[in-house]
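Colleague: I am new to this structure and would like to learn how to read a few local features. Please take them in turn.

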Amino acid sequence: MVKITDVARRAGVSPSTVSYALSGKRPISDETRRRVQAAVRELGYRTHVRTRSGDGAGSRVLALAVPMRSGVHVPVVTQFAVSVVTAARAHGHDVLLLTRGEGEEGIGRIAETGLADALVVMDVQLQDPRLALLRSSPLPSVLIGVPAEPDGLTCVDLDFGAAGELCVEHLARLGHRTVALVGSPPEVYVRRTAFARRLVRGFTTAADRHRLASAVYPCAAGRDAARALAERLLREQPALTGVVVHNEPLLDPLIDAFEELGLRIPEDLSLTAVCPAPVAASARVPLTSVTVPAAELGTRAVHLLVRKLSGAPVPGVTLLPPRLTERASTAPRADARPKG
């Protein structure tokens, strides 16, 4: 079957330009339109038109694009997927799970074949290459994540920038003056993944506002990586008393590593985390945390899609405010505690 990417290659344009030329959703130059139409004729490409039953039910399938890239933490992704499936079933939809690196070709394939009525997209990058096609495609979509330019898209996410700020605000109130962020694996930042980049910006903004010494350390998963990073933190930041962790697999290994190096939590070092609440509560030292509300985000994404399918208006960007829960891992800085 001829794909939209085949037409794009023949016409010398992007798949999103082909979609715009065929749908008329955006103005395209006459010359480009002629090239696209010629390629369509030469290749015998047929635009798929989704058929609906009399009640407008369509395929009753939603697609969930979750690229399983390096640095993705599968247990948390699974929580998102389960919430999407649960919410979809409540609306009478099944879910088609897409785990390959779904770029323009993958999204175009779903739109062409009619396998799904609508699409939930995860692992959103600030300059995501899928955005142009999502904007032009007749397939309704919702992003769990917010790119740098969300115009023309429907997005829902935790306000990760505010989450980073909230963690620093909590540590600053406890008197901590030197803080560090242990972030996601390096490849997550290289891809310019939106949630990770926004959390870093929130962390550094709040640290600067409170005039705290601060640093950001991306880190791979694993006990060896945790131990090496703990040693590096104490070597490079000898006055360190507060740490924010945005890397779920490192939580218990970091606690172990700091304690092996002679630091007590929270007496000598306060730890906060940005992660799902059950992960924070079940850590070896229950962690003060900002919750990543995976279930709520997945449910909201499905509700937005269902509204779009019904033709109802939806907001462009929905950001959930962060909530911090105090647990046993944070305390006032030792030399800032009242005496006696």
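Modeller: Begin with exposure: buried means under 20% relative accessible area, exposed over 50%, and partly exposed in between (1.4 Å probe, protein chains only). This is a predicted model, in which local features need pLDDT of at least 70, side-chain atom pairs count only at pLDDT 80 or more, and totals for chains, interfaces and linings use all residues. Residues are numbered from 1 along each chain as its sequence is written, and side-chain values use heavy atoms, with hydrogens and water left out.

Colleague: Why is D268 called partly exposed?

Modeller: Because its relative accessible area is 26%. D268 sits in the loop between α11 (251-260) and β9 (270-275); helices (H or I, at least four residues) and strands (E, at least two) are DSSP runs, numbered from the N terminus.

Colleague: Which residues does D268 touch, not counting those up to four places away in sequence?

Modeller: Contact means heavy atoms within 4.5 Å. On that basis D268 touches T241, G262 and L263.

Colleague: What should I know about backbone angles?

Modeller: Most residues other than glycine have a negative phi, and most peptide bonds are trans. Here, a cis peptide bond joins I265 and P266, with omega about 10 degrees. P266 also lies in the loop between α11 and β9.

Colleague: Is D123, with its positive phi, buried or exposed?

Modeller: D123 has a phi of about 55 degrees and is buried, because its relative accessible area is 13%. R211 also has a positive phi, near 55 degrees, but R211 is exposed, at 74%.
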